[in-house]
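Subject: Structure handover

Dear colleague,

Please find the structure below, with the sequence. My notes on what turned up follow it.

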Amino acid sequence: MIHPDDLDKIREFRIHGKLVSLEKIAGNYSVINCDGERFRVSLERFQSLPAPRYLYGQEVTAGEKLIRGIVRQIGWHHKRGEHTYYISVEGKPKKTRYFECDLQLIK
């Protein structure tokens with residue numbers, strides 16, 4: 001269940017399949033964060049997952065060509081049981097989906 005005041009906002013954001021983090025539990029609703037956006041929801045339809053290796057905003061290299069980019073979206077691949085990542089390169093979002101084995105953190 002989504003808090004009535006957040007319903008339109010969450011529809012526009014298209015949260016389905018994206019990784020969210022739990023910020024706090026407050027009464028009947030909990031506050032979740034998805035890429036900097038906060039929503040009040042009931043946790044009954046959410047699934048707990050392991051923490052991702054890479055986080056929003058981290059600089060990584062991707063693929064065989066070692067493209068440098070920034071993690072812009074994190075999701076979950078249900079069949080493979082692992083995180084998926086989308087990056088931005090030079091400020092432009094790439095459409096390629098990456099898995100943890102495809103990325104390396106730039107230190």
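β1 and β2 form a hairpin with two residues between them, and Gly 27 in the turn has a positive phi of about 65°. Strands here are DSSP runs of E with at least two residues, helices are runs of H or I with at least four residues, and both are numbered from the N terminus. The two strands, β1 (residues 21-26) and β2 (residues 29-34), run antiparallel and are joined by five bridges; two strands count as paired if DSSP finds at least two bridges between them. Lys 24 has Val 31 of β2 opposite.

The model is predicted: local features need pLDDT of at least 70, side-chain atom pairs count only at pLDDT 80 or more, and totals for chains, interfaces and linings use all residues. Residues are numbered from 1 along each chain as its sequence is written, and side-chain values use heavy atoms, with hydrogens and water left out.

Overall, the protein chain has one helix and nine strands, in the order α-β-β-β-β-β-β-β-β-β along the sequence. Its C-alpha atoms fill a box of roughly 45 × 25 × 25 Å along the principal axes. Of the 107 residues, 34% are buried, where buried means under 20% relative accessible area, exposed over 50%, and partly exposed in between (1.4 Å probe, protein chains only).

Strand β6 (residues 82-89) has several partners. Six of its eight residues are buried, so β6 is largely enclosed by the rest of the structure. Seven bridges join β6 to β5 (residues 67-77) in an antiparallel pair, with Ile 70 opposite Ser 88. The hairpin of β5 and β6 has four residues between the strands, and Gly 81 there takes a positive phi near 65°. β6 also runs antiparallel to β7 (residues 92-93), through two bridges, and Val 89 stands opposite Lys 92. In that hairpin, with two residues between the strands, Glu 90 has a positive phi near 55°. A further antiparallel pairing, again of two bridges, links β6 to β8 (residues 98-99); Thr 84 has Phe 99 as its bridge partner there.

The largest nonpolar core has eleven residues, including Leu 19, Tyr 54, Val 60, Ala 62, Tyr 85 and Leu 103. A core is a set of buried Ala, Val, Leu, Ile, Met, Phe, Trp, Tyr and Cys residues joined through side-chain atoms within 4.5 Å. β4, β5 and β6 each supply at least two residues of this core, and the largest share, three residues, comes from β6. Apart from this core lies another of seven residues, among them Ile 10, Ile 15, Cys 34 and Val 41.

His 3, in the segment before α1 (7-13), counts as buried at 15% relative accessibility. Leaving out residues up to four places away in sequence, His 3 touches Tyr 29 and Arg 40; contact means heavy atoms within 4.5 Å.

On the surface, Leu 22, Ile 25, Leu 43 and Phe 46 form a nonpolar patch with about 370 Å² of accessible area together. Patch residues have over 30% relative accessible area and no salt bridge, with like charges joined within 9 Å and nonpolar side chains (Val, Leu, Ile, Met, Phe, Trp, Tyr) within 5 Å. A salt bridge is a side-chain nitrogen of Lys or Arg within 4 Å of a carboxyl oxygen of Asp or Glu. Areas come from the Shrake-Rupley method with a 1.4 Å probe; for residues, only the protein chains shown count as cover. Phe 46 lies in the loop between β3 (37-41) and β4 (59-62) and is partly exposed, at 37% relative accessible area.

Regards
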